[in-house]
Amino acid sequence: SRPSAFADLWLVGGRVEDCRFGRFCPPGRGEVSLWDGELFGSAATNSGDGILAVQGGVLKGPCTAGARSGDVACCSLTRSLCALSSAQGKWQVALNAMLSPDNCVMKVLADVATGTSSEVWLARMAMKGQPDDADQTEPLHLKLRSSCCGQGFAGASIVVGDSADALDVDEGGCCELPPQARGSQLRLTLRGVPPCLLPGGSAEYLAHFGSLATPRVELEISCQLWLYWVPPEDDGEADVEDAMVCVAADPNHVPDDARPLAGAVECPGAERQEITLDGATFGPLHFKSASTCGSSCCLLASMKFNIVAPMNFEYRPRDPTPLAERITEIGGCELHRLARCPMAIGTMSAIPPPPPHLLRLRGACCRRGFCGVEVAVNGVPAVAMEDDGDFKLPRRRVTDDSGGTLQVSLKGVPSCLLAGGSSELAVPYGQGEATNLEVDVSCLLWIYWVPPEDDDEMDPPEGTIFLVAHQDALPERARTVKGSFTCLGAKEQNIDLDGSSFGPFAVVPGLAEKTAEGEEPPCILSGLAFQLEAPADFEFLPAAPEELGALLADCALQRLAREPVAIGTFRALPPPPLNLCLRSSCCHRGFAGSAVRLGGAEEDEAFGENGQLKLVRQRRGGSLQLHFSGVPLCLLPGEKPDCIFQYGPKEPRAFEVDIMCLLWVYWTPPEEEEDEEESIEDEPLMPQGMLWVAANKDDVPEEAKPVTGVLVCRKALNPELELDGTSLGPFKVRRSDVTMAPATPAEADDEPVDCLVKTFHFRMEPPPGYEYRGRDPSPLFERCAELGGCELQRVAQCPVAVGSFKEVQHPSPLRILTRTSCCGRGWSKAKVDVDGRPAKPLKEAGCFRIPPRERDDRRGKGTLNVRFDDVPAHMLPGESTEVTASWGPGEPKNMKVEVSSLLWIYWVPPADDDDDEESVELQEGEEPA
């Protein structure tokens, strides 16, 4: 393929005609032939295994997976391309590229494909010579020359085989390899040349020693260039450094943050005299000298770079180019110098941004600059100028447009004082905008006061009144104020404070007063005067005018935006006393022995006789934790001794705790009779139960029973309280005059009324078998009339019996008497059952007490079924052990049963077989058993 003693061997994917215009292929006028030869990689054997034949440029035989390299299977084609041999013709392979066995050659073809074809350089071939002696060693000279000018590529080196030393390439690009025997091969590794510029894209080659017409092999170093630029860092400062536009001959020299360029590159002496830059890729750009004989001057000397600058940048080329300057000064080939280090061929200068350029921050109160503010534009800090409140906006050099909106952030000025209430401002920029951006800080004021703390040791406590120009500075305990304030320099000089809000109160400057040249105008806030209405129980004390004037000197708005300023105080007035009352609801009397312990106290405080106790009231109100003692818990609200009392600065004047009139009404059944000896002369005692009234549920015994009836109290809200017989209580009794509680401490000293408990009267329904007997007059009335005071307190200490329930008398007969007819004595061994229940024997023999009937079955008449045991039936009336008797009114108390004296007399004759001796013994002895 070359019109000289050398030819190049290519592996083509696609049509040969299409690849003639590839990156490394010869020009269109070059001769192209199809190759005949063999591919026998390093793994081939003498037996021919692994050898692939090529005939007429076509590979004969299939390519199969061969040996494995690590975990990757290598195809036979890739493995065989490691060594080549010409089968016939005048060409012999002199130098072939060592392809990596791990990288399939078909993948390489796909990676380098352009259009409809792709090609991979395989080998440099030389014409065969006439060998003189088969055993003679052959020298081989290797020359590296550039495709841009044909000059030698100086500065490279070659490593032969596994040698640790490298052979240097001279200034002409030549290097003599050690002589080798004919037919031998030698592995070469090139250093100092980027592999991408070498044929085949590889730095490793296999040299073939044989009979060559010329013992010299040339390798052409491709002229490939990469163009890029690195944008400058846009840190927002006033000046941005220019960005460099560079050209490189090694893609590894392109930095990661580089950007591609758009435009075109002109090269008059190249085959392609102009190559377009698409702005999307860095390269490579392939240049090759149009002269087949080489040129004394490098192509890069005449190269011209026509770069299209990105938006908001201006391209400034270096003229003449550094490449031409260096070639003129040093000479030689510029490609090998670019392969070592990129060269800057021009700069990208940022175009100055459109206005605004300056931000001016001014307070509305006096138009002074606002100090202590940090400004950032799109996250980049602005530069503060010498004048307070002036900032130079960052220069937006690296942007994609020439107009739009700036995001300006202000830190150090309350957002509530800025337009829109936000510290983030959207500012348009462009050629039609003003040079200076004027930002006004509005004069907005908030007024509040902070009440004194509850634990404030100052006496009297004071609350401070503050003026501030920052809404976020309001504390949680802030309170609004009422009144007005005066600002003489404002458009509206008198501003009312209605007490409904903290602010903001806008102070708009009026007509500015004329000042001498060089003097700053006075701040309109320096002459503020306040007329405030004190809250209830407070008085207003304004700050001294000279002190307030000193605090608001210069620009008062800036100070108020940083911190609140005290403009006066509200001093607290003495609070009224607080009365605590603990009284009974029945007669509004104090409860003797009652006391209270305040939360945190160690000792109880006793109530007075009138049930009152004066407490200290906190100025701002609060709560009292109370613990009562000396009163039954069941009479206290919620049956709890503890309660929390909330009170305000004035109300309520008194805290009334009622001791409720709760009563338990019950009766206790009579106790069971003990088994004592009883005679017929004793009259049976009828047991009775008691009706009780208690005011403490702890005094109600376990055996207590509910009662049925009515509790009558004429002065109660419910004059007749029904007792339904299902509950022991409590029964709540309330006075009908429920508004009797005092409203003021003076009324609390009035005489109490009669106790409700004194007037209690009971109408009871006795339980079955009982009779109710009430006490008249009631012991409640008697004791209250005698002792006076509150009867509820005495009932709470001990229950009171107000009546009794007596059992109904047993009906006659009461006893059964068994008497013998012979002497009238009782039958001692007798046992008696009455209606299936055993009768109780009395002291006299044969006397029995009839078991008592059920209490609800003692009235009227009836029949008793009496049964006798251990008494012969023939001796009883009717000769039966069961006797029927009547009971009821008119019957005798004693039921007499006579045991008849009936006798039977008989004798027993002796038996016939009894002997005389035994008879004698019976006659002489004692009575037989």
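Visitor: Which residues does L300 touch, leaving out residues up to four places away in sequence?
Guide: L300 touches C223, L225, L323, I327, E334, L335 and L338. Contact here means heavy atoms within 4.5 Å.

Visitor: What sort of model is this, and how are the residues numbered?
Guide: This is a predicted model, in which local features need pLDDT of at least 70 and side-chain atom pairs count only at pLDDT 80 or more, while totals for chains, interfaces and linings use all residues. Residues are numbered from 1 along each chain as its sequence is written, and side-chain values use heavy atoms, with hydrogens and water left out.

Visitor: What makes a group of residues a nonpolar core?
Guide: A nonpolar core is a set of buried Ala, Val, Leu, Ile, Met, Phe, Trp, Tyr and Cys residues joined through side-chain atoms within 4.5 Å. Buried means under 20% relative accessible area, exposed means over 50%, and partly exposed lies in between (1.4 Å probe, protein chains only). The largest such core has 75 residues, and F287 and L300 have the most contacts inside it. Strand 17 gives the largest share of this core, six residues. Another core lies apart from it, with 65 residues, including A382, V408, A469 and L552.

Visitor: Why is E334 called buried?
Guide: The relative accessible area of E334 is 0%, and the limit for buried is under 20%, so E334 counts as buried.

Visitor: How do you know that E334 and R326 form a salt bridge?
Guide: A salt bridge needs a side-chain nitrogen of Lys or Arg within 4 Å of a carboxyl oxygen of Asp or Glu. For E334 and R326 the N to O distance is 2.2 Å, so the pair meets that definition. R326 is buried, as E334 is. R337 also forms a salt bridge with E334, with the closest N and O atoms 2.7 Å apart. R337 has 14% relative accessibility, so R337 counts as buried.

Visitor: What about D390 and R360: is each one buried or partly exposed?
Guide: D390 is at 6% relative accessibility and therefore counts as buried, whereas R360 is at 27% and counts as partly exposed. The two form a salt bridge, with the closest N and O atoms 3.5 Å apart. This pair links distant parts of the chain, 30 residues apart: D390 is in strand 29 (residues 390-392) and R360 is in strand 25 (residues 358-363).

Visitor: How many salt bridges does the structure hold?
Guide: The structure holds 24 salt bridges. Some are linked in a network, which joins R145, R216, E218, E220 and K288.

Visitor: What makes two strands a pair?
Guide: Two strands pair if DSSP finds at least two bridges between them. Strands (E, at least two residues) and helices (H or I, at least four) are DSSP runs, numbered from the N terminus. Strand 17 (residues 223-229) and strand 18 have four bridges and pair in the antiparallel sense, with W226 opposite A248. Strand 18 also pairs with strand 24 (residues 343-350), antiparallel over five bridges, and M348 is the bridge partner of A243.

Visitor: Why is strand 18 described as mostly covered?
Guide: Strand 18 (residues 243-248) has six residues, and five of them are buried.

Visitor: What covers the buried residues of helix 4?
Guide: The cover includes strand 18, strand 22 (304-308), helix 5 (335-338) and strand 24. In helix 4 (residues 322-330), the buried residues include P322, L323, A324, R326 and I327. Just after helix 4, G331 takes a positive phi of about 85°.
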